[in-house]
Amino acid sequence: MSDDIYTALARTALLLERDVFGPGVDHRAIIDGLRATTVRVLADRRNVATPAGQTALVTLFGQLAMIGLQIDLDVPEIPLVAEQPPLRGGQLLGGLLDYADDLMPGGSSNPGTPTVTFALGDTAAPADAIRVSGTGWRADVGPRATSIAWQGDDQVGAMAAAAAAAADGLRAALPHTAERLNRPAPSAAGWRLLPERQVTLDLTDYRTRRPSRLGHVDVISGGAITNAALYALLRMPRMTTDLRIIEPELLDLSNLNRYALARRSWIDTAKTTMLSSYTRNGLSVTGVPTRFDHRAAQALAPIAEHVLVGVDHIPSRWLVQAAAPRSWIGIGASSHDFVLVSAHPSGAACAGCVHPKDDDTDGPIPTVSFVSFWAGLIQALDLTSSSRAAAQTRTRSTQVWPLGLHNPRGLHRYTQAPAPNCPLYCPMSRPEQAAA
């Protein structure tokens with residue numbers, strides 16, 4: 001096996017070391033276990049004949065491939081009915097296989113005996129298959145999920161269902177990994193495949209009744225969360241916007257485990273160049289290959305009325321807030337198996353209220369594909385729903401536990417209170433200033 005695969009999956013191996021198997025385990029053995037795991041994906045023609053069905057399949061395939069799994073596809077070859085980036089060409093199956101060959105070193109289409117089977121919608125499948133079902137704005141995932149065919153043009157439910165199902169792909173790989181580490185398979189329920197696990201999500205609260213015309217949006221970071229947010233925005237046909245992405249780095253191998261729009265052939269290319277290539281009618285993307293710091297904030301002024309922030313560095317989140325106090329700001333953050341997304345209208349509790357302390361984290365952050373994807377998906381939904389006529393006046397935060405979505409609070413939204421220890425001393429954190 002090429003050493004490149006161990007670089008590509010390094011962040012996933014780090015997550016499994018720290019959260020599942022314990023310190024000091026061999027990362028190469030973890031990755032060998034992931035690569036030795038095959039999952040099967042079933043979809044009949046009816047379930048991949050619409051934009052929603054094709055998005056469910058493409059998103060599930062991409063999330064599983066970024067985990068490092070081998071994927072046994074049993075799907076028909078039909079034309080794409082809508083663009084499905086990062087796929088190329090006009091065919092569904094051919095596009096998926098081409099993407100698989102251009103993502104992980106060694107590909108993702110070398111299947112063995114499947115450990116788990118996923119079935120889209122009401123596709124005929126074994127009784128223990130995990131159904132990936134839903135509607136335009138709802139997701140239903142699990143062996144007992146509603147058996148309903150994917151239909152329609154709205155694709156938010158499809159993306160949510162696929163991201164929820166991908167967690168079971170990771171769970172399916174852990175016994176193979178444990179065997180290679182000579183360790184017991186994890187006993188915690190969150191890390192095991194359970195036939196009774198059922199995920200049901202309703203995201204209709206984010207739905208807008210009219211097209212979302214967002215104008216100019218600045219995006220700080222071209223990393224994993226921004227990749228996921230743009231992936232989602234590209235699948236919201238009633239939305240128009242011009243994105244300006246500020247990001248200094250080139251794409252590298254270690255990004256491939258979580259960048260939803262990346263392909264291996266983009267390695268050593270500026271991330272802004274890669275993301276700009278996904279411009280389409282109604283959604284333009286331009287890149288500024290620089291780091292967002294005090295000097296850049298001045299050079300890039302005025303900052304747009306809407307800003308998305310996906311950068312890991314907490315002081316950079318504070319800087320964006322200080323540079324754009326009158327803007328709506330959406331901040332996406334993820335680490336290990338946890339996601340926190342906050343949406344800040346002007347004059348409400350600020351980025352410093354949500355992130356009052358710098359975590360001083362050194363080194364790479366452990367993560368896996370579907371965790372980053374949830375951060376970007378919620379960020380994109382917050383952005384599009386900010387265009388509603390009824391203006392948002394208070395900061396709203398969303399916590400997501402991608403491995404705990406079956407729990408009632410697995411995806412939890414709440415009003416963010418101002419923090420008395422806000423490092424930006426925003427007016428909302430100082431009652432006497434807010435009242436003045």
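**A first look at this protein**

Welcome: this protein has 13 helices and 14 strands. Its radius of gyration is 21 Å, close to the 22 Å that the globule rule gives for 436 residues, so the protein is as compact as a globular protein of that length. Please keep in mind that this is a predicted model.

**Overall build**

- Along the principal axes, the C-alpha atoms of the protein fill a box of roughly 65 × 50 × 40 Å.
- Of the 436 residues in the protein, 59% are buried.
- Among contacts with a separation of 6 or more, 70% are between residues 24 or more positions apart.

**Surface and charge**

- The protein has an accessible surface of about 16,900 Å², and carbon and sulfur atoms account for 50% of that surface.
- There are 39 positive and 40 negative side chains in the protein, and 6 Å separates the centres of the two sets.

**A closer look at H344**

- You can find H344 in strand β12, which covers residues 338–344.
- Is H344 buried or exposed? H344 has a relative accessible area of 1%, under the 20% cut-off, so H344 counts as buried.
- A polar atom of the H344 side chain lies 2.8 Å from the backbone oxygen of A349.
- Leaving aside neighbours within four places in sequence, H344 is in contact with Q321, S327, W328, I329, I331, A349, C350, A351, V354 and T395.

Methods:
Residues numbered from 1 in each chain as written. Predicted model: local features only at pLDDT ≥ 70, side-chain atom pairs only at ≥ 80, totals over all residues. Heavy atoms only, no water. Helix = DSSP H or I, 4+ residues; strand = E, 2+ residues; numbered from the N terminus. Rg over C-alpha atoms; globule rule 2.2 N^0.38 Å. Buried < 20%, exposed > 50% of the residue type's maximum accessible area, 1.4 Å probe, protein only. Contact = heavy atoms within 4.5 Å. Areas by Shrake-Rupley, 256 points an atom, 1.4 Å probe, with all protein chains shown as cover. Lys, Arg positive; Asp, Glu negative; His and termini not counted. Charge placed at Lys NZ, Arg CZ, Asp CG, Glu CD. Polar contact = N/O pair within 3.5 Å; in protein donor to acceptor, adjacent residues only side chain to side chain.
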